[in-house]
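These are my notes from an afternoon of looking things up, one entry for each topic. I begin with the structure itself.

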There are 4 protein chains.
Amino acid sequence: MDTPLHIAIVGTRFMGRAHSNAYCQVGRYFDLPAEPIRHVACGRDAEHLAAFAQRFGWEHTETDWRTVVDRDDVDLIDISTPNATHAPIALEAARAGKHLLCEKPMAMNADEARRMYEAAEEAGVVHMMIFNYRFVPALALARRMIEAGKIGRVFHFNAVYYQDWLVDPSFPIVWRHDADAAGTGAHGDMNAHIVDLARHLVGEFEAVNGVQETFIKERPLASGSGTGTVSTDDATSFLARFRNGAHGSFIATRLATGRKNYLRLEIFGSEGALVFNLERLNELAYFSRSDEAGAQGFRTILVTESAHPYIDRWWPPGHIIGWEHTFIHQISRLVEGASQGKQVVPDFYDGLRCQQVLDAVVESADTGEWISIADP
Amino acid sequence: MDTPLHIAIVGTRFMGRAHSNAYCQVGRYFDLPAEPIRHVACGRDAEHLAAFAQRFGWEHTETDWRTVVDRDDVDLIDISTPNATHAPIALEAARAGKHLLCEKPMAMNADEARRMYEAAEEAGVVHMMIFNYRFVPALALARRMIEAGKIGRVFHFNAVYYQDWLVDPSFPIVWRHDADAAGTGAHGDMNAHIVDLARHLVGEFEAVNGVQETFIKERPLASGSGTGTVSTDDATSFLARFRNGAHGSFIATRLATGRKNYLRLEIFGSEGALVFNLERLNELAYFSRSDEAGAQGFRTILVTESAHPYIDRWWPPGHIIGWEHTFIHQISRLVEGASQGKQVVPDFYDGLRCQQVLDAVVESADTGEWISIADP
Amino acid sequence: MDTPLHIAIVGTRFMGRAHSNAYCQVGRYFDLPAEPIRHVACGRDAEHLAAFAQRFGWEHTETDWRTVVDRDDVDLIDISTPNATHAPIALEAARAGKHLLCEKPMAMNADEARRMYEAAEEAGVVHMMIFNYRFVPALALARRMIEAGKIGRVFHFNAVYYQDWLVDPSFPIVWRHDADAAGTGAHGDMNAHIVDLARHLVGEFEAVNGVQETFIKERPLASGSGTGTVSTDDATSFLARFRNGAHGSFIATRLATGRKNYLRLEIFGSEGALVFNLERLNELAYFSRSDEAGAQGFRTILVTESAHPYIDRWWPPGHIIGWEHTFIHQISRLVEGASQGKQVVPDFYDGLRCQQVLDAVVESADTGEWISIADP
Amino acid sequence: MDTPLHIAIVGTRFMGRAHSNAYCQVGRYFDLPAEPIRHVACGRDAEHLAAFAQRFGWEHTETDWRTVVDRDDVDLIDISTPNATHAPIALEAARAGKHLLCEKPMAMNADEARRMYEAAEEAGVVHMMIFNYRFVPALALARRMIEAGKIGRVFHFNAVYYQDWLVDPSFPIVWRHDADAAGTGAHGDMNAHIVDLARHLVGEFEAVNGVQETFIKERPLASGSGTGTVSTDDATSFLARFRNGAHGSFIATRLATGRKNYLRLEIFGSEGALVFNLERLNELAYFSRSDEAGAQGFRTILVTESAHPYIDRWWPPGHIIGWEHTFIHQISRLVEGASQGKQVVPDFYDGLRCQQVLDAVVESADTGEWISIADP
């Protein structure tokens, strides 16, 4: 781990913390070809930034992302900012020859995403999308099992992503309620995850048809007086057909009272089935039609054994890991790729394809019609 | 329980057995104003019919339903036959002044259903639809809690009905695969239940948009040689908007590998949430935002206490009841209504409204567009 | 089913109802060599008895069990009375040549139980103990799997039986609190079940060591004024060694707040494990060390398929049955045995051996020492 | 966080890694009065030690713990070695005036533990036992709820600790099978945890009575040829009475096939109940008799909200944490105490009392009699 890889992170809030934790931890648990250096942290609030940088050991700070992009001593830029800034940062950073890590949703729309993808490809940099749930051991195991044919031909991919932090009508307006900053609400934030997992586990989408709703249209301003109008969706649901003939159902909502971070997948195939729930992310339920008659049933695999993806890096069986570990796993791949100039997935192509699906759902919600997804 | 109520049942297979069991048991557990007499059983296969009648204590048998309708000694006709025969039997029976109990789905389409409803109303007979899941104690409790405002304004009603008996491609063609006999497949059989529960628990539908699929299009003939074409759906999914602003998601499929009779409801409201699964029908999960902060969570109510609907008729707490009990509960209401000439619900109006929704989903699947549900 | 088998039931309360239901239902679902006739019901409260008899179709009533024993038109006596009366009734009935069905616990102590067993054997009558949980399909399946070697050599049999109806200190004194009528409290009522299941699933006990407690020693009298002293245990726990080397842990308590009828077994063996919970009695969890590495886990078998014990008599997969069905299953065996003069299990020998274990636990609780269980 | 606290860790295997991770992470998530410096790592295998030290950032290494104790630049010694060395290290370190952190079980027996406690007290150093499961947020919440009277008077504390890594008879002999190195097997390793939790949540023990077993007595030597005799227990179970009148049941086994790290607590009280399972450590099940009649049930609290203990340091609701976080929480307390010279709990007194219980169980298993636990 001789070579250093100098990271600059833009964004110091929730995702900034989660990514920083991963940069701190990854080298202790993965044998990496390079050492990720927490080099520059960038945020607009200087006071918050200083505390953040000190806490997570970022060596330098900047308050303008353009300055970060211009620095010669940065190898990779981690874009952990609100959605509207992904494209401007990524485009500039690609032009500056920086490797790229980008939070989801990739962009405000597929056109932006396509430009980002093309810019990164043209610049020849390594580009990766944060779709960290691919790196949940249980879902990496699901992928492995699907590829091995354990569930056969997929008939149904039914996914929900439930949170409930907007049920409280006194929860104030934040940037995620502003279409100019966020693009969409639950849709881009939460459906982006399950759309990516669908592509990862089943394949490309053929067409979608959905509906969006903002149940609570006015919320108090964070300033404390007055209210503002919510311009993003509280909930977006859609049906899908996949190119391989499977059917899909997707629901993302921030008004699923009682569910905190409940991302559930139910995948039914000709030979078996898989069920997953992010609130119990160390578990994967698996049904096999190959099990002996009379003794069939969904088995709960506690995905904490050394035979399971990523787990040999951690603890003995039954000693569960947490949500934050998904970033450590993903960033181990990022460091491998960026330090060796090898493209890794999920990349900006995956981000673009996900964005196409998200856009098509929005269009279908506007028109009431099925929207096909073309190749990008 | 002096007055007798003479029942004739048409249909002696799965539903014939389940209803017969209920007629046998209901008087032992409910205090009824009349005694339901197992008077006539009707089926086309005389040998099977004789065995059925003897097993369940039906006093007489007939092989033609028209003869049953003509009998003066029959008060109520229980229609437990394949879907295509519901309307002809019901229309004739109504004309003959018989009270009516009809299995779901009510009819082949809403026009048929409307004629059945109008005929029953004109005849002044009591008419009831078998939507037995309203009579699951946990769901009767759910209704009670919703009416008491426990979950507030409903945002989401997400329902699935999963079975897997058609995953096996060697499962032969039966009447349920034949559009002429069944109308639809999973849709009418399974969505009928969750559409009715949605109306019961949330309210009327505004509009729907769905998709249908027959994943396995050819199946072996029951005769053993050759194959036939499946003309009904294996799976039907749809999105819905309710008149009160709630959103709905519905999935019915017979290819949900590993799920045997898994009807799950997830109802999220402004004050709480309810979750139910038919495979654990003695349980209802309930989340309340009124619970003390720091101690909130979904609680699993084991719906086996005397405070719960219907349970005072059965056993002490924790001694669970089975699926068949739902018919006993429903038929206790039927006997009360029919013997006293009082209309009870769910009735043919409910059947008609359910059929309208089912029809609209089929139309949406054909056109790719949202279909509104008008008043009948 | 030509031959009639004339049943007399003594006891018309909880067990009287559950047994009566089984006599009503058994012939509809099982093909029996004889028809069980609900011939005589016996109880001391004439008014209650009349209502009971009418509800369940008992043809005759008696208020003194001695009269029942003397009747020539009775083939089998079902003893569903409080514990202290089991022996007197059984001994007289055996002398009168009646077949016998007896509720658990068999007797007030092993001496009584031995006399009952010997009397029945000498009389040459069929004698059966109600240990109805052997007839839960999931537990019949567990037995089948253990016999087939699916879990190998058993290391641990850990059982609890949790109820909570005595947590409320205002719950009044009933016969179960009276050592003269009940012998013991939770111990005989609840440990009897799990001791029998242990013998059924693992084998004979070697020695036990336990502790008993009455947490709430005074309770209001049912009359409404004053209190009485509880002379039976609220809870009894014990450790056990089995003759085959397995270890056991048993807990029975009526103060397990929140648990209504929660009988849980956890059986760990060299090749696999089984877990069961009576509140979800249609399910059996099974872990197999033979499953593929990386895909091992406890699988929840929904024991509702025709391949499962007893289920071919009932409904399609996923349509669950209730607690009461266990009696129907057991009584189908009783009718087979009694009508053909063939002994069936569990019989009075099983009741005696269970009683020996119960007695040994009481002795160990008194002495603080391990008590060995000899052959009877 | 100006003041440094220089840590030396003795032991570089499983616990060495888990503690090291905590020293790395604690300062990022907790605001500490001192900075824990990973100063010296000590292990006997120099090659392994060097890799360990580099991975976790320990500045110096030593291969003899006596040298570590003699170093002036060490403030605190973390004893993460096999059990037999706890006392020698702790006694020397206390004499050298070092603060102490000690893994469980504290010692080979209560005499050793008492000497360690007295030595630490005399030296005036801060001494802490690693009972990290007190620091699971769900169990910290359980403690808070019990203290607030939520479950009232405790009747039952039933605990199991199930692992299965010794089911495989080809698993070789390690130090944990050697009574000279480990003292006991499952007992000291696993019962130590649940005994401490019992004291923490219920109170002091009155008396115990238990049984121990080594089911697989010979195992292959790690060298690959030949076998050795296992001199520690595979499983130890015991019953307990607490001083406050509660009853307890404890089972620790490494032959619970299918369970990987399954520590379950079931605590039943006069007002409510709590259930916990370490394999789902982010959840706490809670039953309250104060909930409205008809809507009572065990609720699953997903202990990931800022209102819950420790969680405000981590992620938003529903984003679960892992097993390793328990050490971070505990070590935040250790750093607070050691840096300020304030005693924190669990301390060596807790370790001693736990050891007394463990010893008493062993004695009861030898004698077959109940053993009382005196004040130390």
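How many of the 20 residues of helix 10 of chain A are buried? I kept in mind that this is a predicted model, and I found that 16 of the 20 are buried, so helix 10 of chain A is largely enclosed by the rest of the structure.

**Entry on helix 10**

I then checked the length of this helix, which runs over residues 348-367 of chain A. At 1.5 Å a residue its 20 residues should span 28 Å, and I noted that the end C-alpha atoms are 28 Å apart, which agrees.

**Entry on the domains of chain A**

I looked up the domain assignment of chain A, which gives domain 1 as 3-132 and domain 2 as 134-343 + 354-367. The centres of the two domains of chain A, taken over C-alpha atoms, are separated by 23 Å. Where they meet, 35 residues of domain 1 of chain A are in contact with 34 residues of domain 2 of chain A. On the domain 1 side of this contact, helix 1 of chain A gives the largest share, 8 residues. I also sorted that side by class, and it divides into 25 nonpolar, 8 polar and 2 charged residues.

**Entry on chains A and B**

Next I turned to the contact between two chains, which takes 31 residues from chain B and 30 residues from chain A. The side of chain B that touches chain A has 14 nonpolar, 13 polar and 4 charged residues. Among the elements that give two or more residues to it are strand 7 (154-162) and strand 14 (272-277) of chain B.

I asked how the copies are related, and chain B can be laid on chain A with an RMSD of 0.0 Å by a turn of 180° and a shift of 0.0 Å along the axis. The two copies are thus related as by a two-fold rotation axis. In chain B, the C-alpha nearest that axis belongs to B:Glu369, 2.8 Å from it. I also noted that 97% of the interface residues of chain B are interface residues in chain A too, so the copies meet through the same surface.

**Entry on C:Val69**

Finally I picked C:Val69, which sits in helix 3 (residues 65-70) of chain C. It counts as buried because it has 24 C-beta neighbours inside 10 Å, where 20 or more are needed. Leaving out residues up to four places away in sequence, C:Val69 touches C:Ile77, C:Glu92, C:Ala93, C:Ala96 and C:Lys98. Of these I followed up C:Ala93, which is 24 residues from C:Val69 in sequence but 5.5 Å from it in space, C-alpha to C-alpha.

Notes: Residues are numbered from 1 along each chain as its sequence is written. Chains are lettered from A and ligands numbered from 1 in the order in which they are written. This is a predicted model: local features need pLDDT of at least 70, side-chain atom pairs count only at pLDDT 80 or more; totals for chains, interfaces and linings use all residues. Two residues are in contact if their C-beta atoms, placed from the backbone, lie within 7 Å. Helices (H or I, at least four residues) and strands (E, at least two) are DSSP runs, numbered from the N terminus. Ala, Val, Leu, Ile, Met, Phe, Trp, Tyr, Cys and Pro count as nonpolar, Asp, Glu, Lys and Arg as charged, and the others, Gly among them, as polar. Copies are superposed by least squares on the C-alpha atoms of residues with pLDDT of at least 70 in both. A residue is buried if 20 or more other C-beta atoms lie within 10 Å of its own, exposed if 12 or fewer, and partly exposed in between; C-beta atoms are placed from the backbone. The expected span of a helix is 1.5 Å times one less than its number of residues. Domain bounds come from an automatic or database domain assignment.
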